[in-house]
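Open the structure in your viewer and keep the selection tool at hand. We will go from stop to stop, and each one says what to pick and what to look for.

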Amino acid sequence: MQELYRAIEEKIKSSGYTGFFTGEEVYNDICDEIEDKENGTYLLISKKDNGDVFTYNVSIFDDNFNLSILKINSGDEEFIINFDEEN
């Protein structure tokens, strides 16, 4: 799991976002949001303690999920991370 968390962190940091987060927090946030949801594609919104807003575009399947896009709004800045693209 540490490798997955690190990959999430690297993708987000490469977007230029400098707010505090960990890959594990992002992963757990998604897991909490998708709990009890049926298969399909969803936009999930999570507001952080510092006011930043994370919008996840997630496809849910029987045994897993796919995070394709993460949009982070931080103040006047917007960061878009496409997890389906290579770095």
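Which residue lies over the face of Phe 54? Select Phe 54 and look above its ring: Lys 48 is there, at 4.7 Å from the ring centre. Before you go on, keep in mind that this is a predicted model.

A search of the whole structure finds six aromatic pairs. For one of them, show the rings of Tyr 17 and Phe 21: their centres are 5.9 Å apart and their planes meet at 45°, so the pair is tilted. The label follows from the angle, because planes under 30 degrees apart would count as stacked and planes over 60 as edge-to-face. Are these two residues buried or exposed? Tyr 17 is buried, with a relative accessible area of 4%, and Phe 21 is buried too, with 10%.

**Two helices**

Next, colour helix H1, residues 2-14, and helix H2, residues 23-34. Two packed helices are described by the angle between their axes and the distance between the axes. For H1 and H2, the angle is about 100° and the axes are 7 Å apart. The two helices are therefore roughly perpendicular to each other, because angles of 65 to 115 degrees fall in that class.

To see where they meet, show side chains on both. From H1, select Leu 4, Tyr 5, Ile 8, Glu 9 and Ile 12; from H2, select Gly 23, Glu 24, Val 26 and Tyr 27. Colour this contact by residue type and you will find six nonpolar residues, one polar and two charged.

Follow the chain into the loop between H2 and E1 and stop at Asp 36. What is the phi of Asp 36? The value is positive, about 70°, although Asp 36 is not a glycine. Most residues other than glycine have a negative phi. With a relative accessibility of 75%, Asp 36 counts as exposed.

**Along strand E1**

Now select strand E1, residues 40-47, and pick out Ile 45 within the strand. Ile 45 counts as exposed, at 58% relative accessibility, because the cut-off for exposed is over 50%. Draw a C-alpha to C-alpha distance from Ile 45 to Leu 70: the two are 25 residues apart in sequence and 9.8 Å apart in space.

Move on to Lys 47, where E1 ends. Lys 47 is exposed, with a relative accessible area of 64%. Apart from neighbours within four places in sequence, Lys 47 is in contact with Asp 52 and Val 53. Another C-alpha to C-alpha distance to draw runs from Lys 47 to Ile 72, which are 25 residues apart in sequence and 9.7 Å apart in space.

**Last stop: strand E3**

Finally, select Ser 68 in strand E3, residues 65-74. Is Ser 68 buried or exposed? Ser 68 counts as buried, at 11% relative accessibility. Show what surrounds this residue: not counting residues up to four places away in sequence, Ser 68 touches Asn 57, Ile 81, Asn 82, Phe 83 and Asp 84.

Key
Residues are numbered from 1 along each chain as its sequence is written. This is a predicted model: local features need pLDDT of at least 70, side-chain atom pairs count only at pLDDT 80 or more; totals for chains, interfaces and linings use all residues. Side-chain values use heavy atoms; hydrogens and water are left out. Helices (H or I, at least four residues) and strands (E, at least two) are DSSP runs, numbered from the N terminus. Buried means under 20% relative accessible area, exposed over 50%, partly exposed in between (1.4 Å probe, protein chains only). Contact means heavy atoms within 4.5 Å. Axes are lines fitted to C-alpha atoms, for helices over the stretch in contact, and angles run from 0 to 180 degrees between N-to-C directions. Angles under 35 degrees count as roughly parallel, over 145 as roughly antiparallel, 65 to 115 as roughly perpendicular and the rest as oblique. Ala, Val, Leu, Ile, Met, Phe, Trp, Tyr, Cys and Pro count as nonpolar, Asp, Glu, Lys and Arg as charged, and the others, Gly among them, as polar. Rings of Phe, Tyr and Trp (its six-membered ring) pair if their centres lie within 6.5 Å; planes under 30 degrees apart count as stacked, over 60 as edge-to-face and the rest as tilted. A charge sits over a ring if NZ of Lys or CZ of Arg is within 6 Å of the ring centre and within 35 degrees of the ring normal.
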